[in-house]
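Here is a short report on a protein chain. Look at the structure first, then read on.

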Amino acid sequence: MENMGAAGPNNDILDEIFNRTINSKSIFLNRDVLRNDYIPDHILFRDDQISQFGSILAPILRGNKPSNIFLYGKTGTGKTVVARYVTKKLYERVLKLNLNIKFLYINTRLASTQYKMLVELGAQLDISLPFTGLSLSEAASRIFEKMKRDSINTIIILDEIDYIVKNYDDNILYEFTRVNNELLNGNFISIIGISNDLKFKEYLDPRVLSGLSEEEMVFPPYTVDELEAILTDRIRAAFRPGVVSESAVKLCASLAASEHGDARRAVDLLRVAGELAEREGSDVVDTDHITKASRSIERDRTYEVIRSLPLHGKLILAAVLAAPEDINTGRLYSNYTSMARSLGIEPLTQRRISGILSELDVLGVVNAPVVSNGRFGRSKRVKLVVPREVVSRALQEDELISSILK
DNA sequence: CCTCCACTGGAAACCTAGGCTC
DNA sequence: GAGCCTAGGTTTCCAGTGGAGG
């Protein structure tokens, strides 16, 4: 770095960027309003759900156990935000009344295993559980023990609860719905389950289902008009007046509406579009930015998913990438084995690869339907459904794998 | 209509890492 | 420190199957 500090062309470029950023007024007033985890102070079109939800939980302020609640509706229909909004308001009251109530929030898809879910719950109660070694029931009873010892009442929000049940079983859920009797001392746990999957109930043991869904609430998708109103509302808080064009709002709403009325997606689009516009130095956000944002979000998601895949998942993708077109499990497996061997990695069995392929299918990275080729047997036909360039870029990130991607 | 391929996917056994008990 | 226990990932085993070609 000999020329560091010297006034060269590079410096001029940077000066220009920095100056532009300092001097130009940002198009944003408050970009936090567009963040994924933002809880607005008013929520549109969900008055019924909010009041129903609020009245179910309200008894907690008098020290009574609220019913367990089950919320379901597709992604971006406001389940999480309503749950967080109401519990936040409730928490303000709890503080005023000086009650010993904790609100815990877990996304079971992010926690990914039953055990990690318990570790996460424990962390929110200030107890640390070892990352392995304990049985589920031991981990759970340590959590219960803590609640009993400190006489804490808890409301636990289990977001994307369908994930954990589909991949494991519902034993710990059963423990949580059942434990109130043993927690005595007047302590209780109320469970708020949130599911994106309407058919999820079929996976649950009837005992758990009846315990979990003492109350049920359904969140319908937002209509285009509703999405537009939500966006307009957020725009007022997030951007300077007049920055976002009306046609951009319309496009944003209709894009999100075509994905089953997903408000989260609509707001994401808006945020990314705003960031793109700002980076370009544009002082308006128009339809062009929305379209670009839509593409960029998809790419980022894919990139992130692939980058965080376990080694063998990546290896399989590398093998899919190397295949010219659709490829069946058998051929894919032999390509995968030779790639693995060339890296000095012991390949997994075909049975396992078949399973991993199904997981990649669920993640939306590949399409792997089972097709029958008649006389030539039955197998998965694997096809990449995300841009090759994104996959290859994400795989490059892995040192080991980048060495075989020519 | 029957055969038979090349797997699929369920079930169970096995492996590993790490905490717990004594 | 030996011996035991469990969760989560993997392997082993295998019955089951959609449809092209006979």
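## A buried threonine

A residue counts as buried when its relative accessible area is under 20%. Thr-329 has 8% relative accessibility, so Thr-329 is buried. The model is a predicted one. Thr-329 belongs to helix α16, which covers residues 329-342.

What does Thr-329 touch, leaving aside residues up to four places away in sequence? Its partners are Gln-350, Leu-357, Ser-379 and Lys-380.

## The chain as a whole

Chain A has 19 helices and nine strands. Its C-alpha atoms fill a box of roughly 65 × 65 × 50 Å along the principal axes. Of the 406 residues in chain A, 45% are buried.

Now take the contacts in chain A with a separation of 6 or more. Residues 24 or more positions apart account for 70% of them.

## Two crossing helices

Two packed helices are described by the angle between their axes and the distance between the axes. Take helix α13 (residues 263-280) and helix α14 (residues 287-307). Their axes come within 8 Å and cross at roughly 110°. Angles of 65 to 115 degrees count as roughly perpendicular, and therefore α13 is roughly perpendicular to α14. The crossing of α13 and α14 is right-handed.

Which residues make the contact? From α13 come Arg-265, Asp-268, Leu-269, Leu-270, Val-272, Ala-273, Leu-276, Ala-277 and Glu-280. From α14 come His-289, Ile-290, Lys-292, Ala-293, Ser-294, Ser-296 and Ile-297. Nine of the contact residues are nonpolar, three are polar and four are charged.

## An enclosed helix

Helix α15 runs over residues 311-322 and has twelve residues. From first C-alpha to last, α15 reaches 17 Å. That is close to the 16 Å expected at 1.5 Å a residue.

Ten of the twelve residues of α15 are buried, so the rest of the structure largely encloses this helix. The buried residues are His-312, Gly-313, Lys-314, Leu-315, Ile-316, Leu-317, Ala-318, Ala-319, Val-320 and Leu-321.

## Two positive phi angles

Most residues other than glycine have a negative phi. Ser-112 has a positive phi, near 70°, and is not a glycine. Ser-112 sits in the loop between α4 (108-111) and α5 (114-124).

His-260 also has a positive phi, about 45°, and is not a glycine. Where is His-260 found? His-260 lies in the loop between α12 (246-258) and α13. Its relative accessibility is 31%, so His-260 counts as partly exposed.

Methods. Residues are numbered from 1 along each chain as its sequence is written. Chains are lettered from A and ligands numbered from 1 in the order in which they are written. This is a predicted model: local features need pLDDT of at least 70, side-chain atom pairs count only at pLDDT 80 or more; totals for chains, interfaces and linings use all residues. Side-chain values use heavy atoms; hydrogens and water are left out. Axes are lines fitted to C-alpha atoms, for helices over the stretch in contact, and angles run from 0 to 180 degrees between N-to-C directions. Helices (H or I, at least four residues) and strands (E, at least two) are DSSP runs, numbered from the N terminus. Angles under 35 degrees count as roughly parallel, over 145 as roughly antiparallel, 65 to 115 as roughly perpendicular and the rest as oblique. A crossing is left-handed if the near helix is turned anticlockwise from the far one by less than a right angle, and right-handed if clockwise. Contact means heavy atoms within 4.5 Å. Ala, Val, Leu, Ile, Met, Phe, Trp, Tyr, Cys and Pro count as nonpolar, Asp, Glu, Lys and Arg as charged, and the others, Gly among them, as polar. The expected span of a helix is 1.5 Å times one less than its number of residues. Buried means under 20% relative accessible area, exposed over 50%, partly exposed in between (1.4 Å probe, protein chains only).
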